Amino acid sequence: MNISPISKITLDGREFFVKRDDLIDPFLAGNKYRKLYTLLQTPSNKLSKIISYGGTQSNAMLAISAMCQSKKWEFIYYTKPLSATQKEQNDGNFFHAKRLGMQHIEIDEFFYKDFIASLRLNLDKKIYIVDQGGADKLAKEGLEILAKEITEANLHVKSVATPSGTGTTALFLALALPEYRVYTTPCVGDVEYLKLQMQSLYDIPKNLIILEPNKKYHFAKPYLDHFEIYQKTLQAGIEFDLLYAPLMWRCLLEQTHEDILYIHSGGVSGNKSMLKRYEKKGFK
Ligand SMILES: *Cc1c(COP(=O)(O)O)cnc(C)c1O
């Protein structure tokens, strides 16, 4: 694939650079493309099946579906039981993932944890398990390539930023860019939880800076704060996702002053179903 371009965006009178990883592919884009890079380079005949699990709005789920379709690998995705409305949605990540061939299996809440733990037992060589959200050491190579693209762009900027779920992206990016400052913020849990998740993969390097939001937000809930930032960036010319990017932008605008390269982490395909939830709350 070609190198993703870099755009500029002006927010609150400040100019930011944006690495457009969102433009890589409609379904397999953003940091999920980077995290799945090694699997994407794997010859089709080396594997027959990918197994993963997690939420049904997941961007990782959609990216893995797109990858498996192009590789002709079977894709099994386990979740906890879904509501009827979730199953009937005719847009959003879950809908598209199924159209791309994902086989969805619901596991009873009571057995879910043990079931997921048991997946790795008796595993066939041709089956690969991608942990929830793609939190995997496998992500290293793809993020090293992103780091190379960043240094080779030769911007004067020495700080980059990207929001965290599992923290896999920010961690491996920071490890690959020791001469840069890498900002992130926890979108799913708090700072301590994010640190634990990162430490389960690797020691956290000094150049990785975790910004703490000034307010507590629950992941994937609609907030007027998030919606306002979403609209502000959209009006400035770039659409970002509604789950992660708003919090990262808020932290950058409130807590940093230098020039920054924002790594667009994708996820825009999930906005349609999220915008519906905002509309129901009266935000337009
Ligand atoms: C998955 C995702 C993230 C979080 O990535 P991690 O590597 O799990 O921290 C951030 N932004 C978007 C849009 C995502 O889809």
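**Ala220**

I started at Ala220, which sits in the loop between β9 (208-210) and α10. For naming elements I used DSSP runs numbered from the N terminus, with helices being H or I of at least four residues and strands being E of at least two. This is a predicted model, so I took local features only at pLDDT of at least 70 and side-chain atom pairs only at pLDDT 80 or more, while totals for chains, interfaces and linings use all residues. Residues are numbered from 1 along each chain as its sequence is written, and side-chain values use heavy atoms, with hydrogens and water left out.

I looked up the backbone of Ala220 and found a positive phi of about 65°, although Ala220 is not a glycine. Most residues other than glycine have a negative phi. Is Ala220 buried or exposed, or something in between? Ala220 counts as partly exposed because its relative accessible area is 24%; my cut-offs are under 20% for buried, over 50% for exposed and partly exposed in between, with a 1.4 Å probe and protein chains only.

**Lys72**

I then checked Lys72, in the loop between α3 and β4 (74-79). Lys72 has a phi near 60°, a positive value in a residue other than glycine. With a relative accessible area of 73%, Lys72 is exposed.

**The largest cavity**

Rolling a probe the size of a water molecule over the atoms shows where empty space is left. I worked on a 1 Å grid over the protein atoms alone: a cavity is a set of points where a 1.4 Å probe fits but cannot get out, a pocket is an open set with protein on both sides within 12 Å along at least five of seven lines, and lining residues have an atom within 4 Å of a point. Grid points are joined across faces, edges and corners, and a volume is the space filled by probe spheres set on the points.

How many cavities of 30 Å³ or more does the structure hold? I noted two. The largest cavity has about 70 Å³ of space. Its lining includes Ala220, along with Cys187, Tyr217, His218 and Leu247. By class, that lining has seven nonpolar, two polar and one charged residues. I count Ala, Val, Leu, Ile, Met, Phe, Trp, Tyr, Cys and Pro as nonpolar, Asp, Glu, Lys and Arg as charged, and the others, Gly among them, as polar.

**The second largest cavity**

The second largest cavity has a volume of about 30 Å³. I listed Lys32, Lys35, Leu36, Ala60, Ala63, Ile64 and Gly134 as its lining. The lining divides into four nonpolar, one polar and two charged residues.

**The ligand**

Lys32 came up again next to the ligand. I found 16 residues surrounding the ligand, the closest being Lys32, Asn59, Thr166, Thr169 and Ser265; a residue belongs here if one of its heavy atoms lies within 4 Å of the ligand. A polar side-chain atom of Asn31 lies 2.9 Å from an oxygen atom of the ligand, and one of Asn59 lies 2.6 Å from an oxygen atom of the ligand. Ser265 has a polar side-chain atom 2.8 Å from a nitrogen atom of the ligand.

How much of the ligand's own accessible area does the protein cover? I get 97% of 390 Å², using the Shrake-Rupley method with a 1.4 Å probe. α1 (30-35) and α8 (168-176) are the elements that give two or more residues to the shell, and α1 gives the most, with three. By class, the shell has two nonpolar, eleven polar and three charged residues.

**The second largest pocket**

The second largest pocket holds about 210 Å³ of space. Of its 13 lining residues, Gly189, Asp190, Lys215, Lys216 and Tyr217 are the closest to its centre. I sorted the lining into seven nonpolar, two polar and four charged residues.

Leu224 is in helix α10 (residues 224-235). Its relative accessible area is 41%, so I put Leu224 down as partly exposed. Leu224 and Phe283 are 59 residues apart in sequence and 7.3 Å apart in space, C-alpha to C-alpha.

Last, I looked up Ser159 in strand β7 (residues 159-161). Ser159 counts as buried, at 5% relative accessibility. A polar contact of 2.8 Å joins its side chain to that of Glu258; the term takes a pair of N or O atoms within 3.5 Å, where within protein one must be able to donate a hydrogen and the other to accept it, and residues adjacent in sequence count only if both atoms are side-chain atoms.
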